[in-house]
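Thanks, everyone. Please have the sequence and the structure open.

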Amino acid sequence: MVDYNLKQIKAFAFDVDGVLSPSTIPLGDDGYPKRMVNIKDGYALQLAIKKGFSIAIITGGTDKAVKKRYEALGIKEIYLGASKKLPILQDWMERHSLAPEEVVFMGDDIPDLPCLRHVGLPCAPFDACWEAKSTAIYISRFSGGYGCVRDILEQTMKAQDLWLTDAEAFGW
């Protein structure tokens, strides 16, 4: 369980590789990575949007399939090719009038450290690098691509009495 006041969380930002998808990614014949996604993460993401949470995806990757996947779940703010993630996170927070204590960021590796240090609730998957884990307040018991996103979303929605509370929860 998260040792943080989850009732104050209004928004989530996630890295892709190593968080929304596993760290090990098969390469296609074209030389581009083929990412896997977790259906349970997807369910929790679309439900969180329906419940009014702001969600951003911030990734260094440039695969348009990633954008298509998360747009289909209702996420509007997807930032591809983010070589420096912190300025994007800061701008997103400012545009949504979000204070650091209202934001979760989940990242797994060195490029995520500035974002992890900027939010109130920095989170990491179970298989994140040591530096990300040592920065995180919460380390999921799930690895990247295997439910770590669902884990933090579900805990937050439960804390705010928004998990499975109406008919909207039982569909896509």
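Start with strand β2, residues 54-58, which is mostly covered, as five of its five residues are buried. Buried here means under 20% relative accessible area, with exposed over 50% and partly exposed in between, using a 1.4 Å probe and protein chains only. Helices (H or I, at least four residues) and strands (E, at least two) are DSSP runs, numbered from the N terminus. Before going on, the basis: this is a predicted model, where local features need pLDDT of at least 70, side-chain atom pairs count only at pLDDT 80 or more, and totals for chains, interfaces and linings use all residues. Residues are numbered from 1 along each chain as its sequence is written, and side-chain values use heavy atoms, with hydrogens and water left out.

Back to β2. Ser54, Ala56 and Ile58 point one way from the strand, Ile55 and Ile57 point the other way, and all are buried.

Now its neighbours. Strand β1, residues 11-14, runs parallel to β2 and is joined to it by four bridges; two strands pair if DSSP finds at least two bridges between them. Phe12 stands opposite Ile55 in β2. With strand β3, residues 77-79, β2 pairs in the parallel sense over three bridges, and there Ile57 stands opposite Ile78. From β2 the chain crosses through helix α2, residues 64-72, to β3, in a right-handed β-α-β crossover. Right-handed means that, with the strands pointing away from the viewer, the path from the first strand over the helix to the second runs clockwise. β1, helix α1 (residues 39-50) and β2 also make a right-handed β-α-β unit.

Thr59 is found in the loop between β2 and α2. Thr59 counts as buried because its relative accessible area is 3%. Its side chain reaches the backbone nitrogen of Gly61 at 3.0 Å.

Buried or exposed? Glu77 counts as buried, because its relative accessibility is 15%.

Last, the pockets. On a 1 Å grid over the protein atoms alone, a pocket is an open set of points where a 1.4 Å probe fits, with protein on both sides within 12 Å along at least five of seven lines; lining residues have an atom within 4 Å of a point. About 240 Å³ of space lies in the largest pocket, where a volume is the space filled by probe spheres set on the points. Of its 13 lining residues, the closest to the centre are Arg141, Phe142, Arg150, Asp151 and Glu154. Helix α6, residues 148-159, gives the most to this lining, with five residues.

The second largest pocket holds about 170 Å³. Of its 14 lining residues, Asp15, Asp17, Gly60, Lys85 and Pro111 are the closest to its centre.

Note on methods: A polar contact is a pair of N or O atoms within 3.5 Å; within protein, one must be able to donate a hydrogen and the other to accept it, and residues adjacent in sequence count only if both atoms are side-chain atoms.
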